[in-house]
Amino acid sequence: MSMELANKVALVTGGSRGIGRAASIALGQAGAKIAVNYMHDDAAAQATLSKIEEVGGGGAIYQADVADESAVQGMIKDIEQALGPIDILVTSAGIMSAQHHSKLTLENYREIMTTNVDGTFIPIMAVKDGMIARGGGSIVCIASVAGLRARPTMIPYSISKAAVIGLTRCFAAALGPQVRVNGVAPGLIETDMTKDMQSSAKEAMKEEAFLKRLGVPEDISQAVLFLASDRASFVSGQTFVVDGGRVTIP
Ligand code: NAP
């Protein structure tokens, strides 16, 4: 199993930190060359690449805003020249904010939608034709359980992740049979994104979960690895909930 992705090239958006970092390491350990995308934090991206190398993998880092079409197209050209054509795309770049609806603004809504929805749509659009022409590819979109349940204090985020789940289904229908498109919907995962959440809220979530713990990025990267690999060769259009059992609570 360990080198099942040998000779594959994977682009992981938001690969520098959190869930994207764990996915980059897991795919790198399985033998894929990893293009680690990031937006601001060059040092974090370098650190991810070092961790990929520590587990025997390789790749390179690429700065680009996933919501900027020409930047993404330029990045993909650079990746293909340096590492080869992209076989696997993982869209993990994302942002989140929480506020009462009385504090919500159109600007805030647009910022979240731009990064989370345009920032998933644009990379998929940029890799899909190459994958189809080469006869295969796998795309894994990181959604959220917030896209499956109403989150009254995270309205734009919740809407954006529902859109990512819809986008996963639509592209799966459109890009088959050559390309599989699936998603992972994480529950609360301990990363920079969630580090400022109140500990009382985290404790409550832990108690609600069947498995009585919060998630770590490696919980998600194993699901990504499965969906990206040929072990999921008959799976497309699905969004796989990985949340310790919380989402099933009515
Ligand atoms: P994180 O630790 O905050 O990392 C976010 C990553 O996204 C960083 O690598 C960041 O790069 C990158 N990024 C943000 N905006 C970008 C842009 N416009 N262009 C390119 N890269 C960009 O977040 P995380 O917790 O790993 O979350 C990863 C994904 O999982 C997100 O889509 C999030 O919504 C989803 N998710 C997270 C949780 C959770 O509990 N943590 C739960 C469900 C779903 P820079 O640092 O360089 O800006």
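**Entry 1: the start of the chain**

I looked up asparagine 7 and found it in the segment before strand 1. The model is a predicted one, and I read every value below as computed from that model. Asparagine 7 is not a glycine, yet its phi is positive, near 75 degrees. I noted this angle because most residues other than glycine have a negative phi.

I then turned to glutamate 4. Its side chain forms a salt bridge with the side chain of arginine 231, with a distance of 2.7 Å from N to O. I searched the whole structure for salt bridges, and the search gave six.

**Entry 2: helix 4**

I followed helix 4 from end to end. It has 29 residues, and the distance from its first C-alpha to its last is 41 Å, close to the 42 Å expected at 1.5 Å a residue. Where is the kink in helix 4 centred? I found it at valine 127, with a bend of about 35 degrees. Just after helix 4 comes glycine 135, whose phi is positive, about 85 degrees.

**Entry 3: a nonpolar patch**

I examined the surface and recorded a nonpolar patch formed by Leu106, Tyr109, Ile155 and Ile159. Together these residues have about 310 Å² of accessible area. Helix 4 (106-134) and helix 5 (155-175) are the elements that each give two or more residues to the patch. Leucine 106 is one of the residues in helix 4.

**Entry 4: a cis peptide bond**

I checked the peptide bond between glycine 176 and proline 177 and found it to be cis, with omega about 5 degrees. Proline 177 lies in the loop between helix 5 and strand 6 (179-186). I marked this bond because most peptide bonds are trans.

**Entry 5: the ligand**

Which residues are closest to the ligand? I listed Ser16, Arg17, His40, Tyr157 and Thr191 as the closest of the 30 residues that surround it.

I also recorded individual contacts. A polar backbone atom of isoleucine 19 is 2.8 Å from an oxygen atom of the ligand. A nitrogen atom of the ligand lies 3.5 Å from a backbone N or O atom of alanine 64. For aspartate 65, an N or O atom of the side chain is 2.9 Å from a ligand nitrogen atom. Taken alone, the ligand exposes 900 Å², and the protein buries 95% of that area.

Conventions
Residues are numbered from 1 along each chain as its sequence is written. This is a predicted model: local features need pLDDT of at least 70, side-chain atom pairs count only at pLDDT 80 or more; totals for chains, interfaces and linings use all residues. Side-chain values use heavy atoms; hydrogens and water are left out. Patches are made of residues with over 30% relative accessible area and no salt bridge: like charges are joined within 9 Å, nonpolar side chains (Val, Leu, Ile, Met, Phe, Trp, Tyr) within 5 Å. Accessible areas come from the Shrake-Rupley method with a 1.4 Å probe; for residues, only the protein chains shown count as cover. A salt bridge is a side-chain nitrogen of Lys or Arg within 4 Å of a carboxyl oxygen of Asp or Glu. Helices (H or I, at least four residues) and strands (E, at least two) are DSSP runs, numbered from the N terminus. The expected span of a helix is 1.5 Å times one less than its number of residues. The bend at a residue is the angle between axes fitted to the seven residues ending there and the seven starting there. A residue is near a molecule or strand if one of its heavy atoms lies within 4 Å of it. A polar contact is a pair of N or O atoms within 3.5 Å; within protein, one must be able to donate a hydrogen and the other to accept it, and residues adjacent in sequence count only if both atoms are side-chain atoms.
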